[in-house]
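Q: I have a model open and want to learn how to read it. Can we take one feature at a time?

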Amino acid sequence: MICKLHVAKSLIHSIMRTGVIFLVILGVTTQLLNASPSRGQDISKVKIKMELRHESLVQAFQKIESLSVFHFMYRSKEVNDIQNLDMAYGEHSIQEVLDQLLSNTSLTFRQIGNQVLITARKPQKKTAESPHQQPTGSYNAEAPMVEADKAVIVVKGRVTNEKGEPLAGVSVTQKGSTKGTSTDAGGNFSLSVDEEAVLVFTYVDFTTQELNVNRRAALDVVLQPGNKSLNAVIVTALGITRSVKSLTYSAQVVKGSEVNEAKETNVINSLQGKVAGLTITKNAVGPGGESKVLLRGNRSLSGNNDPLYVIDGVPLAGGIEMLNPDDVESMSVLKGASAAALYGSQGQNGAIIITTRRARPGKVNIDYNGGVSLDRAAVLPKLQYQYGQGDGGNYVSNSEHSWGPKADGQPVQLWNGDTVALRGQPDRLKDFFRTALTTTNSLSLSGGTDQLQAYFSYGNTHAQGIMRNNDLDRHNIDLKVGYKVGSKFTLNSKLTYIYEAVNNRVTPGEGGTYALPSIFRSPTSIPISEMKKYATVDANGTEQQSYWKPGSSILENPYWALNRVGYFQKKDRVIGLLVAKYKFAEWIDLQIRGSMDKTMQQTDNKVWADNYFSLVGADYNYGTANNLSTNVDALLSFHHSLGGKFELSGNVGGASQQGNFATEALAANGLNKPNFFFLSNAKNPFITDLYGKNPRVVSAYATATLKYNDYLFLDVTGRNDWSSALPENSRSYFYPSIGLSGIISDMVQLPSWITYGKARITFANSGYGGQQYLDRNYYQVGAGGTSISPTIRALGTYKPELTSSYEAGLEWNFFKDRFGFEVTYYNTRSKNQLLEISDLIPSLFNQKYINAGLIVNSGVELNVHATPVKTRNFTWNAGLNYSSNKNKIKSLTPGVDAVILQDDREAQIRAQVGGSFGDMYVKDWTRDSVTGKHLVDNNGMPILTSGNTVFLGNYNPKFMMGFSNNFSYKNFSMSFLIDYRNGGYVIAGTQALIDADGHSAASLRGREGGIVLDAVTADGKANTKAVTSQAYFGAIGDRYPTGMLYAYSATNIRLREFTLGYKLPRKMLENSKVFRDVKFSLVGRNLFFFKRDAPIDPEVTLGLGGGGLEYGALPSTRNYGLDVKLSF
Amino acid sequence: MKYRILTSFKLIMVTALLFSTLTWTGCTKKEFNDRNTDPTRLTTLDARDIMGFFPTALYAGMNTGPGMIDYQQSQGLFADMYCQYFAGTQTAFSTLRYVINQQFVRYQWYSTYITAMPALVTIINQSNTDATIPLKSIARIWKAFVFHRTTDYFGPIPYSRIGLDSTVIPYDAQKDIYYDLFKELTEAVTDLKANISKPSFGDQDKIYSGDNNKWVAFGNSLRLRLALRISKVDPQKAQAEAEAAVASGVLTDVGQDAYMKVSAPENYNGLARISGWNEFRMSANMESLLKGYQDPRLSKFFQPAVNTGQYTGLRQGMIPAEQALPQNDYGIASNLNQSLTPDSMFVTPMPVLHSAESYFLRAEGALNGWNMGGNAADFYAKGIEMSLRTWGINDMTAINNYISGSSLPSAPGGYFNTPALTNIPVKFSTDPEQEREQIQTQKWLAVFPDGFEAWAEMRRTGYPKFYPLIHSENPDVPANEMIRRIPFTDVDKATNGPAVQAAIPLLGGPDNAATRLWWDVK
């Protein structure tokens, strides 16, 4: 045992050595290290070494607090005057020290647990319980008198929040006395007080409440949330909870109720319009698709601009689209690099920290949340129904166009031999897309004791897409256990399992099934009922597609595409976390945390025979992808008074993050037996891709917050990373941050109508260690043993990417928080970017990596909140958020002033020095240099530029605004959110297709008599020649459209969200004795536009990297639903 | 007891911390270096790996390989259209109206510089022993083959300074490139002949399976092709190179014809792959010649139209509104023969260079008065014979009947009322100019479907005749003119701008599709 103890001691010293930085900062005495923390100490037995030199009593208390686990409770005015105390250095018990210090005062002391109460002596009556009777001294201020003749009773009770959840650690004191206690984990307290006493209940974040005991022995108290601006806390980087007022940067919290009432299958989409500076681009791929999330603009040109997601301390390897929205308790959005500096590489683009619901000690809670919602296509292209299938004015049964004759109901024979009346079919798109039903169910159980708490939840989602073959099934299981051993040690674990199966996630454009382009591009006179006869069976018994233009190079029968091309994706995801925390003393603890996030994905792609794009008959592809991210970190946290009004708190830690990625794709390259989808049936099986990566980043970091008088905060952080992805000599990189915030309203006397005033400023750097395998050139082994040269030139001197940023902000609240605003200006400069740029092709490399560039983002974020009305029954809360971001590409690399980021059929997206991320260059209709008019050739046809060379504009919004309103009247609540996006361009590719095909309403122009374009010929003369509308739209539209003519402003204003809720009255529930809480809500999302210029929903683009490009995209949806919340 | 438990906890915590500290400090340089080494790819090359580059270079040289669209975008939408083997039916492709789609044509640039050349340069640089002379020589021959196609697209191209890691890589004048190609071919053939019995690429040689003698004949035939190419602009050099090539031994028999083998899953016949997309059909030119001459190759090249059962060609340069008309629908026009449809894409080898062409080249050389080892009429007849044999027509009577045929090209008619392409029969004329037209017309049929060669020779000789486009949408090239080159690539303008600017004066005209190449003199 002795030996073990000795080992333990020496190990403690090792920890201390590793934490030397913090020790230096702290400058604590060595006695402190020997203070052995244990439980239930007695002040008469705990010995400390200290001295006092002309110090005040308060300073003495602070000193004792710093050297022991004890905490002093006293009334300032009773002790403030006691100054100039001296005490020689020596070892004494605390009791001895206090006896000495208070000997000449009118004060006495009493130990209650770890608290030491300092009270005035009772002059009149000497009670037996006071062991420190002293003669009445000279000091006898207006000490509160306890009238001893009043009867003393023991009051027991329970303190809960407004939701009925128990509150632990609420301070309960008798007003005017020093009697007090605090509630236990179940919210219970017991205190002996005078029967007429007034009890004061105080708790962080809640309004202090006073209650007359009135001779009652049992008291149940409900505390109301208090002054938010002063007391709010937020979960920040590394899971450190901090009070909002001490933050030196901008962070925004979104409560769970804001994302799980009007639910999205991908919970991140619910943040749209709610957070200033956050841009979400939904991927139009049906339910549960990933979204592109941008915080404060694009920093990286070619890399990743996604924020880091952290769930309960687990940094995720990917997005959060699989999360169950009902599990969310709150989301902290840390916007800047400064906010996330501590997450290192991954947090460069900001971080979204999600805290999920967990158990609290107390009785067992059961919550059920159910939802049903319906989705309808919101914006569909406008079609024409006057002209039928055909070309050049003639009916052609195998035409893919609607340039046929006037459709007056004349009988025509369709491609399949059926005779129908030639008529426009107005509801065809509405019929093609279904009303999609989504149901969600979540059930959670939680409860526990002080020692052990458990939370379990199960949720399922069955979501349909508006495409008839597209649906998603998801099951989420979450188990959290918290275990407390003694008062020092806690253990928290979490295990999440998610299963998700998605059938036929929609691929926009010409990838995937072609179903979308095929329905948009089908002649408007073909009845849906005829299209549905999409297959015939040939002599061999094999299905053949029935399409009006067999062998079309691009299109298919849309119903064939829906039913005869299948994409099936299954994912299993496991997230695990184990956190152990040991509290050495009240002021210092150590946390060790291990977590993992593993996703196993399997995809099947089945292509039936007679799909035109399948060149090998029936085909089958199978793939697996495994992603594992593991993190281990340790964090030593402390807070310590430095004497006077200074307090220092901080953290020292280290982490190791490791990824393991592996993918495998097997292609059948044709099937021997058609439509029999097994790899054993493969004609030319081939593994097309196989790679494995296991990068690792090791980090050490430290943070310190110096607090002065609880109103001035200095925040310093530093982090060093070692990334295995970097070459040996640049592997290590350091980045610091420093911030200052001050609560002006506490520093100076302000008019009383100013509730809260804060100013803050932060400078921060962050680094990114980049991707692995870039430091040398690799050769590949290809099919049949061929050797393949690298096409991207390696970068031997690869350096980490660095972002330096600063932000400054103000937060002011007025009229008891009825009105307030928060404004932030930020500027980030990203240097040393890892860019994959086009190399000179003759260098024998397609691209090369460079470390270069300077990208500057700057912008303003504004949040305004107001409570215009607040009465007993009616409250109206309104909020407005605004953000704008400017992006400037200051430099790339010497000799390179433009990089092509994306080269699409509709536009080229270029990064040009002096330009911005997202600048689009398009094809244009040329103009006469003299008249400025459009040019036509001698036939009256437009002369177009040959390539995407003309600058159009940028696809990013100029500014974004969200305007939210919440009304509550008694048990009713109503809210709506208006979302405004201003500026940016979008190119409507679908419109270009249906114009060229003659399906669009726009293509009615010049049907009879042609179009004489308002243009000039090369000699400058006005054009007089008419061209047919088919010729004109065929030239400007189609698959490689003239982008300039199909560019629209992306500005739009929409009703993003609407909810109407009703909560059953508490009385009714109390009678039922089953339910604690019952709430019904009617919800709607994306309901309608107040303003929109583009013929599409501008949010719908071509994939996540698609920026402002739309092409055969899935329409966005309008959603209506019913949500039920039951608590038992 | 309590104290003991607590101590144990402390111990656990501390051990855990130490353990993690150790794991962090355990990240040695070696561990990190190992993590940063891709286990799935190679950093060093052995002899087998080096041989493995040859198939890569071969497929890239023929614009095929793992990419599905490489062949279409580098050749199918450009050379194959501009030589009018085919007519486009996909409304979205304005390239068939002479519009240069830079997004597409860069694939030719890529396959040359990004895939073929890195592989060839690696082989050439790493084959420095006596034993590897055949590898190096054959790689040099193939390098000349790849580069001649690329320079015949653009004119000046980066040639002598490729592979630099620099911000500018200069272009070479086409004349300098041609002179160097002659030198390369001469040296490579000489070296190969001197080491003829040493093994070369063996089964990694997807053309000749390691037969060095055939590569000698291939090298000489390519040299002969290049000699004729410059015969107008530089007659002396042309004659000297042509005569030397013939003396050294060119391809003379179908047994020596160069085909590139294809195999699943990646190495497909590019033309066969794209013909299933129904984006092009037989041209009216083909219809006029093949039908007029009752050419036995008609049914070898094409198949009857699905809707009509007839062999029908379409005109080039229709606008979408015209393409969409039933009279111009791909359903009424001929697609490629079944051997060139997707079902055969892993079966039908790709023709590279044939003996038939060598005979036509020698026929032209003979007309020029060069020593080609025979006379023009015999070479012309031999060329036709070899071409027919190439396509499996071995009946001498049929062959001779065709050679002596006097029927004329027919008029396709159709929506545009298309007349006959020309008025010459197969039977060799006595008029020298007509002889040249006949030689080029037959060569055009013989090199089918090699659009690169067909288009180059049409530009040089003006034969065979061609139909004006229905519409040209390229303001530089009117519909009745032949498009003369591909303008420099946007991608090089963006990345290698100064070099492109410096190359424009080498063109002798503006950087557009109407400017003639160095060898393309009026």
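A: Start with α17(B), a predicted helix. Helices here are DSSP runs of H or I, at least four residues, numbered from the N terminus.

A: Some ground rules. This is a predicted model: local features need pLDDT of at least 70, side-chain atom pairs count only at pLDDT 80 or more, and totals for chains, interfaces and linings use all residues. Residues are numbered from 1 along each chain as its sequence is written, chains are lettered from A and ligands numbered from 1 in the order in which they are written, and side-chain values use heavy atoms, with hydrogens and water left out.

Q: Which residues of helix α17 of chain B are buried?

A: First the general idea. An α-helix has 3.6 residues a turn, so residues three or four places apart point the same way. In α17 (residues 396–403) of chain B, the buried ones are B:I399, B:Y402 and B:I403. They cover an arc of only 100° around the axis, so they sit on the same side of α17(B). The arc is that of the directions from the helix axis to the C-beta atoms.

Q: What do the buried residues of α17(B) pack against?

A: They pack against α16 (376–390) and α18 (432–446) of chain B. Contact means heavy atoms within 4.5 Å.

Q: Which residue caps the N-terminal end of α17(B)?

A: B:D395 does. One of its side-chain oxygens lies 3.1 Å from the backbone nitrogen of B:T397.

Q: Is B:R460 buried or exposed?

A: B:R460 counts as buried because its relative accessibility is 2%. B:R460 belongs to helix α19 (residues 451–461) of chain B. Its side chain makes a polar contact of 2.7 Å with that of B:E364. A polar contact is a pair of N or O atoms within 3.5 Å; within protein, one must be able to donate a hydrogen and the other to accept it, and residues adjacent in sequence count only if both atoms are side-chain atoms.

Q: How is the area buried between chain A and chain B read?

A: The size of an interface is often given as the accessible area lost when the parts come together. The loss is summed over both parts, with a 1.4 Å probe. Here the area is about 8,100 Å², and carbon and sulfur atoms give 64% of it. The contact takes 92 residues from chain A and 87 residues from chain B.

Q: How many salt bridges cross the interface of chain A and chain B?

A: The rule finds six. It asks for a side-chain nitrogen of Lys or Arg within 4 Å of a carboxyl oxygen of Asp or Glu. A:D903 forms a salt bridge with B:R106, with the closest N and O atoms 2.5 Å apart.

Definitions and conventions
Helices (H or I, at least four residues) and strands (E, at least two) are DSSP runs, numbered from the N terminus. Buried means under 20% relative accessible area, exposed over 50%, partly exposed in between (1.4 Å probe, protein chains only). Buried area is the accessible area (1.4 Å probe) that two parts lose on being put together, summed over both.
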